[in-house]
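Dear colleague,

Please find below the structure that I would like to hand over to you. My notes on it follow directly after.

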4 protein chains.
Amino acid sequence: MIVVMSRVTEEDLQRVVDKLKGYGFDIHISSGVAKTIIGAVGGSKTVDLSNIEMMPGVEKVVPILQPYKLVSREFKQEDTIIKFGDTEIGGNKIAVMAGPCAVESYEQLLAAAKVVKAAGAQFIRGGAFKPRTSPYSFQGLEEEGLKMLKAVREETGLLVVTEAMDPKSAELVAEYADIIQIGARNMQNFFLLKEVAKISKPILLKRGLSATIEEWLMAAEYILAGGNYDVILCERGIRTYETYTRNTLDISAVPAVKMLSHLPVIVDPSHATGKWRLVGPMAKASLVAGADGLMIEVHPKPSEAFSDGAQSLTPQNFHVLMDELRYLANAIGKSL
Amino acid sequence: MIVVMSRVTEEDLQRVVDKLKGYGFDIHISSGVAKTIIGAVGGSKTVDLSNIEMMPGVEKVVPILQPYKLVSREFKQEDTIIKFGDTEIGGNKIAVMAGPCAVESYEQLLAAAKVVKAAGAQFIRGGAFKPRTSPYSFQGLEEEGLKMLKAVREETGLLVVTEAMDPKSAELVAEYADIIQIGARNMQNFFLLKEVAKISKPILLKRGLSATIEEWLMAAEYILAGGNYDVILCERGIRTYETYTRNTLDISAVPAVKMLSHLPVIVDPSHATGKWRLVGPMAKASLVAGADGLMIEVHPKPSEAFSDGAQSLTPQNFHVLMDELRYLANAIGKSL
Amino acid sequence: MIVVMSRVTEEDLQRVVDKLKGYGFDIHISSGVAKTIIGAVGGSKTVDLSNIEMMPGVEKVVPILQPYKLVSREFKQEDTIIKFGDTEIGGNKIAVMAGPCAVESYEQLLAAAKVVKAAGAQFIRGGAFKPRTSPYSFQGLEEEGLKMLKAVREETGLLVVTEAMDPKSAELVAEYADIIQIGARNMQNFFLLKEVAKISKPILLKRGLSATIEEWLMAAEYILAGGNYDVILCERGIRTYETYTRNTLDISAVPAVKMLSHLPVIVDPSHATGKWRLVGPMAKASLVAGADGLMIEVHPKPSEAFSDGAQSLTPQNFHVLMDELRYLANAIGKSL
Amino acid sequence: MIVVMSRVTEEDLQRVVDKLKGYGFDIHISSGVAKTIIGAVGGSKTVDLSNIEMMPGVEKVVPILQPYKLVSREFKQEDTIIKFGDTEIGGNKIAVMAGPCAVESYEQLLAAAKVVKAAGAQFIRGGAFKPRTSPYSFQGLEEEGLKMLKAVREETGLLVVTEAMDPKSAELVAEYADIIQIGARNMQNFFLLKEVAKISKPILLKRGLSATIEEWLMAAEYILAGGNYDVILCERGIRTYETYTRNTLDISAVPAVKMLSHLPVIVDPSHATGKWRLVGPMAKASLVAGADGLMIEVHPKPSEAFSDGAQSLTPQNFHVLMDELRYLANAIGKSL
């Protein structure tokens, strides 16, 4: 860590140096006219910087080590590839997870699944537990929904991605799902993260509504540190002042995360934009920016959806988009 | 709700009208050259607006009813006052909750509690379960910490505010605490909200890191809708682009919430600013803006704190601030 | 416009209706139990909504017409294509504007221009007037820099894009430039917009640091309303809480603007990300999202640049990127 | 400055050290296992950090000196007090600038001025040049408006605050105004800043829509560096994701700026909130947070205002607020 002190007295400097040495750091001091810089290397990384920050004379404290370890590229050079039989995420083949926002009925889900399958996607998505802003909105079919997902899985061969919202039901979700999704609102629900860390199913971790890339990677670190190394990150837009789109899709997070971490990254352009007309262009942009996969809302009849109809593609639009994505994937040396 | 349609065909218009009538709405149509406005009144409020939004010809859908009900001023005109023996929150007396960020030891907590008590605050705060960005940071003393809080409560007569982080341990926290805090990261942890709604202890609901006032009130609505009417809202700064302060304290949320809702509102200037020098001015500003209380970090030795030392007041600074707040409260016809 | 009134009295309603009729609107009233909706169609569009908003009983006022006209797709269906001899912007060919952030010397500019030309770009960019946060930073070579740009133009045949920062010097810039750039900080410098509206050179209008899409289009509307129809919009990242990238590139603004407006849109991934490693992926993503062009920083020796070296590509990296972009452009039926 | 390098080679390190020495810095190196820290003290402050940032092996560069000098507390310890005859800004007396958003007519302005004067404010505010989002909105009465301000000044003895929007008309505004306002949209209009730096009238510099505190102080530095030391800073709300208020008033910026700078700071709660009901609480909060003054919109008939009626106080509400502010100022040892 680096400590910058301002117009420092001998005494204040000594106190900080002693404190840093107490944490096991090696100390190097550079003194200028107005500022003194203390370089502290070695030492433990669990020091709370704010304790140094408030010592007399200290102007700022700058960490020099990334706070995450297991998720970092430095820890593991090669890309993590997660296997599901002959499907995989993180390799050369683009994974597509598609389906309705919420599981509404077996008929609806099956209809969606057939569309998804026919268009060439490998995963069906659909929420059985739905995080809703309002307590009066549809909250999901819960275990009934999970059962429908499993039935559709058996009928179509599609793999299932669905959300777990609390530690208690995470185990239940794991029985039915191939991938357990952690939603944006739960990215820092640390009890839930610790719980899914114990489950031997891959976790899809959505970026929080206003999470920095570092906080997102730290949330993933919770899961890896708990023993589950199969984490897929999912960029789904961040909250900004712009109201035209529901969120602002941060596509630059894709190459950024690929540099910082070995984990696969996918993108959800449906929730990010909230407007079906923008889903296609954003899906394509994400693909060429390096995303390992896409999560796309498709509904057999969007205008009758229980939630988020405005961002769902119709079966036909989804078909067209998949063809375009396949073509583009091939153009950049990947497949779909 | 209002539906705005653009260069609409007779057919598209009819389809929307039929759909709205199907939901039980009364329909009024205003036709201009470029736009047609449909006013839909009456009807159910659980219609998902996005389903209308995506019908052909629809440009936008504007809700006209606030999505919350039980928390609203319209539902209950008079201020909610929550009683704790002879202390109360929401009335004329300013509630002050002070103490360390985390419970670190019985000695630390008791030392802090004595300071808090001597300065005239009514509540001791301190986390036994700590939501931490890093899995490697101190996570709290858990039940041991809760026991220390209870012991200090018995020794000093201070009431206890402490955080519950997951549905499973909420019941446990309720056994020890006078007020159960829901942290910013859990504001939309809906399972947790539903769980604390069943507990007969007041809930302090912190505003989420990037929650709108409406989302915050909707989170409170979950708790009231579940049967617990004793909710205290706590503004604690929102995430913005500004990095000088940890968050940006939105003091305007205080009078805004007091207009929209009958629930009491307090402010946490410590977490909001992250800098102890700003805590005093922001505490005073919150008070005159109409806050019903304050939550302030005080640590017997801030530079030895396990977390967030940089935002903690020393005992002496807290004493001075409390005197200033008391004087100011009197000046505006309240007490402390 | 739509006016929503709450628990309204006959008198308050009448006052609002009279006021709206005074503005020439036709009025349609829908009365519900709690709310009354007034649809006001026709009438003048220059009514200040806030005057209605503050009338007794009024809860909110919702505009129904977009505030821009000349820039809108409704006003002009077909894409605007701006011609420069045999080069064009807005058509099938991707325009690339590349070069150093600032013009530093004739040698530096010429070296950059040769790289830009050899890689196949059509425009050289470089600032002669530099908006700098600090008064102590390099402010640009001013007219000397403009002369160098012109000389390089003559030597290489590249077209010149450079920024005008104030109304007084806009005319001067116009003498030397093929496209006059308005920087992000000046997007709402309305005197400058009115001034460049009178000049018969195309204007490249960067999106403001925290401008909404609507505000950006309104700024363009100033230029069109002043008589200059050749406006190129440039997305360059918006300010968010994320600090890993300098700004957050809002690629979804590209298809959004293409739907709302007939004007061409280009993207500047260099200023948006502030990190040269992210420039390539973001350039490619912008291209497939529908951008009509790209603005990319290239410097012969980035580590010796007077400004923004960290986001500049080296000549070699630029060459490689241009090849990838050309290939990708062909793959989506465009050329470069 | 501090340079952090990662897994560095001897060669890369030497290159950075040589470059820093070339800038005149003294160099101190701390080597850890993963990271090497270079402390560079002394040297010139106009080095562009991004040039170091992109050198091989460099992970990040951290500046240690504040980029501003003349505006800093370190440069000048005592508060700057700006005198206007027997009125002053920055001292013990709270300055209040009130009046309509725009000058609409002599009658309107005079009526407002009489209200402002009677309530005890010292300054009349009103825009003759109006920065408007739309080219079709009222743009101000321009020089006619300035003349009305001067006439009202003569009639009432109130001092005049009004905005200059471009370098050309700044001189003109200076002839009529006692304080020249630079609006939020022009905070980084550097030509305008340089121009008003040459004028011997105090400058009121509004914080930009999404300006950091540092950028705001740097904009002030432009004016001081140009020779005009009489700058008043004005916090007016920043752009956030929250839509309930027009902007989010950052009251914490008041004590923050008072620590970092010697310049006076005032607050504009009217533009910040956009809702007249919030103006009073935010004015009071700003006062106790340490603001040296307030800028408040008052209109004789808000619902007939040409702009921003919804945030204007009526004469009666303004009177009541001024009484409350006077009482509160006295309570904290100031006057109004």
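This is a predicted model: local features need pLDDT of at least 70, side-chain atom pairs count only at pLDDT 80 or more; totals for chains, interfaces and linings use all residues.

The axis in question relates chain D to chain B.

The contact between the two chains may be described as follows. On the side of chain D, 30 residues are in contact with 30 residues of chain B. Three helices of chain D, namely α8 (253-260), α10 (276-288) and α11 (315-331), each supply at least two residues of the side that touches chain B. The largest share, seven residues, comes from α10(D). By type, the residues of this side of chain D comprise 17 nonpolar, nine polar and four charged. Because 100% of the interface residues of chain D are also interface residues in chain B, the copies meet through the same surface.

Two of these helices also pack on each other within chain D. The axes of α10(D) and α11(D) are 10 Å apart and form an angle of about 20 degrees. Since angles under 35 degrees count as roughly parallel, α10(D) and α11(D) are therefore roughly parallel to each other. Their crossing is right-handed. From α10(D), the residues D:G280, D:A283, D:K284, D:L287 and D:V288 take part, and they meet D:L321, D:E324, D:L325, D:L328 and D:A329 of α11(D). The residues of this contact are divided into seven nonpolar, one polar and two charged.

I turn now to chain B and its strands. Eight strands of chain B close into a barrel, in the order β7-β8-β9-β10-β11-β12-β13-β14, and their pairing is parallel. From one strand to the next, the twist averages 25 degrees. Within this barrel, strand β9 (residues 159-163) and strand β10 (residues 179-182) of chain B run parallel and are joined by three bridges. One residue of chain B to locate here is B:V161, whose bridge partner in β10(B) is B:I179. Helix α4 (residues 143-156) of chain B lies across β8 (123-125) and β9 of the chain, and runs at about 165 degrees to β9(B).

With kind regards

Technical notes
Residues are numbered from 1 along each chain as its sequence is written. Chains are lettered from A and ligands numbered from 1 in the order in which they are written. Two residues are in contact if their C-beta atoms, placed from the backbone, lie within 7 Å. Helices (H or I, at least four residues) and strands (E, at least two) are DSSP runs, numbered from the N terminus. Ala, Val, Leu, Ile, Met, Phe, Trp, Tyr, Cys and Pro count as nonpolar, Asp, Glu, Lys and Arg as charged, and the others, Gly among them, as polar. Axes are lines fitted to C-alpha atoms, for helices over the stretch in contact, and angles run from 0 to 180 degrees between N-to-C directions. Angles under 35 degrees count as roughly parallel, over 145 as roughly antiparallel, 65 to 115 as roughly perpendicular and the rest as oblique. A crossing is left-handed if the near helix is turned anticlockwise from the far one by less than a right angle, and right-handed if clockwise. Two strands pair if DSSP finds at least two bridges between them.
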